[in-house]
Amino acid sequence: MAKAIPSRSENYSEWYNELVRKADLAENSAVRGCMVIKPYGFSIWEKMQRALDDMFKETGHSNAYFPLFIPKSYLSKEASHVEGFAKECAVVTHYRLKNAEDGSGVTVDPEAKLEEELIVRPTSETVIWSTYKNWIQSYRDLPLLVNQWANVVRWEMRTRIFLRTAEFLWQEGHTAHATKEEAEAETRQMLDVYAQFAEEWMALPVVRGAKTANERFAGADDTLCIEAMMQDGKALQAGTSHFLGQNFAKAFDVQFLNKQNQLDYVWGTSWGVSTRLMGALIMAHSDDDGLVLPPKLAPIQVVIVPIYRSEEQLELLSAKLKPLVQELRKAGISVKYDDSDANKPGWKFAEYELRGVPVRLAMGGRDLENGTIEMARRDLKTKETVPFEGLTERIQALLDDIQQSIYNKAFKFREENTFKVDTFDQFQEQLEKGGFLLAHWDGTSETEEAIKEATKATIRCIPFDQEPEEGVDVYSGKPSKGRVVFARAY
C-alpha cells in the first residue's frame, strides 16, 4: 500500500525504488543489471511509444529494423565512436554450447569460436551506415528518414530501474541528407519533437540547448539535448539529437551523386529517447502517496468504484454506471469499472492513488438517489460531489485541467529552483541544495572538467535562449560570454 513508501524528504532514492516496485511498474530481473517491465509499467511505455511514433511519422520518418549484433570491425571504423562505447560493450565470442564432460551442465564449446566477435548493439550507427551504403547512390535517394524501435545493451556496473540498466528499450532515428543545412535542420527538428512530447504529453518542462564538446555523443559534430529537473533538484537528460556531419558516411564510404553529378559524402543525424523517460515521469511528478500520472500517459484515466451493501444495490448502481463507462470510452477516455468484492472501497481508493489514476469516481446508494457522484482528482487530492448528468464533458475538461496543472507545478518548481551564481563559493553552496545553476563558463574543456572533478556537477547544456552577457567564469576567473546550466544529474 502507498503508506509503506518512504517519503521523498527522508530518502529520495529509496522513495523512488519503492514506488517503482509498489506501483507495479518494474522489478529487478534474475539477470544482473537488467529489469522486468511489468504490464502496468509497459502500458505507460506503450502510450509514450505510440505518441512519439505518430510524431515521427508526421515528420516524414518510417520505421525499420536492423541487427542486434554488430561486427567488431564496424566499431573500429569511427575512432571517436568506438572510444565512447568501448567500455560498455557486451561481446559475443562463441556460437554454441555443449554438455560438460563432468555432467555439471552446459559449457561453451571451444570449437565454436567466432572468426570475428560480435558486439551486442549499444547503438546502431555503425550497422545502419554500413547498410545505407547499399541504399544511397544519388541525391534522388535522399533524404533517408528512418527510425528504429529496439533494445540496446550497455554494460552498466551500477544500475537503477529505468534510469540506468544494462539493457533498455529505446528508439533511435538515423537520417541521411544531401546537404549540411538539411542535416542540421533535421537535428533541431527532432529535438523540438522531443521537447513537444515532454511538455505536452509528459507535462515535463525542459530546457533546450546544446551539449559542450566534452558531453557530445561519440562520433557527433554537435549534440542537442533537452534537460529536465527532478524533484530532488537533479537534472535528467530527457532526449538527445545529434548532428553527425559526414563522419559515419566517410567511415563507411557512403557517397552519392549530387545534382551537379559530383560524388559527395552524405550528411547524417541520429536521435533517441529511451525507457529512461519512465524514470523522469516518476521523479518529476509523483508524491509520497504514489504515482502522479499526466492523463495523456495514464493507462487508466478514470476509475469508477461503486459503494454497495448488497448485491441488489450493486445491480442498481451498475445499471447506472455501466452506460457511463461506455460513454466515456466512446469519448476516447480509458476507464475501469471496479465492482470486485475482493477489497473494500477504502483499499481500492488507496491502490488507485498509488497507481496514479488521474480521476476517481465513487457512487453509493445516496448518490444514486440524489443523481450525484463523487469525483476526486489525483494531482491535487481534492474531491467534490457533482451532478451525474453531463459527467462525460465534465471529466474531459477535468483531464485537460489535470494535464496542465501537473505541467504548471513542475514548471513552477523548476523556476523556483533555478539560480544565478557568480562565485565558486555560491556555486558550491547552492549545489548542495540542488537545482539548476546558471553560471558563467569560459568555454574551455579544462575548466569544465575541473568543476566536474571538484563538485560532480556537469554542464547540462548551453541553452538556446541564452542571453549574451559578459561575465567572469565562476571557477577560472577568465572572461565569459554567457551563462550555461550546471547541475548534478542522473
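V108 lies in strand 7, which covers residues 106-108. The model described here is a predicted one. V108 is partly exposed, with a relative accessible area of 43%. That value is over the 30% required of a patch residue, and V108 does belong to a patch: together with L97 and V106 it forms a nonpolar patch on the surface. The accessible area of L97, V106 and V108 together comes to about 280 Å².

The peptide bond that joins L142 and P143 is cis, with an omega of about -5°. P143 is placed in a loop, with helix 5 (125-135) on one side and strand 9 (144-153) on the other.

Two further places concern the backbone angle phi. D253 is not a glycine, yet its phi is positive, at about 55°. This residue sits in the loop that runs between helix 7 (247-251) and strand 14 (255-257). Is D253 buried, partly exposed or exposed? Its relative accessible area is 33%, so D253 counts as partly exposed, a class that lies between the buried limit of under 20% and the exposed limit of over 50%.

K381 is the other residue to look at here. Its phi is also positive, near 60°, and K381 is a residue other than glycine. The loop that holds K381 lies between strand 20 (372-377) and strand 21 (382-387). With a relative accessible area of 45%, K381 is partly exposed.

Notes:
Residues numbered from 1 in each chain as written. Predicted model: local features only at pLDDT ≥ 70, side-chain atom pairs only at ≥ 80, totals over all residues. Heavy atoms only, no water. Helix = DSSP H or I, 4+ residues; strand = E, 2+ residues; numbered from the N terminus. Buried < 20%, exposed > 50% of the residue type's maximum accessible area, 1.4 Å probe, protein only. Patch = residues over 30% accessible without salt bridge, like charges linked within 9 Å, V, L, I, M, F, W, Y side chains within 5 Å. Areas by Shrake-Rupley, 256 points an atom, 1.4 Å probe, with all protein chains shown as cover. Salt bridge = Lys/Arg side-chain N within 4 Å of Asp/Glu carboxyl O.
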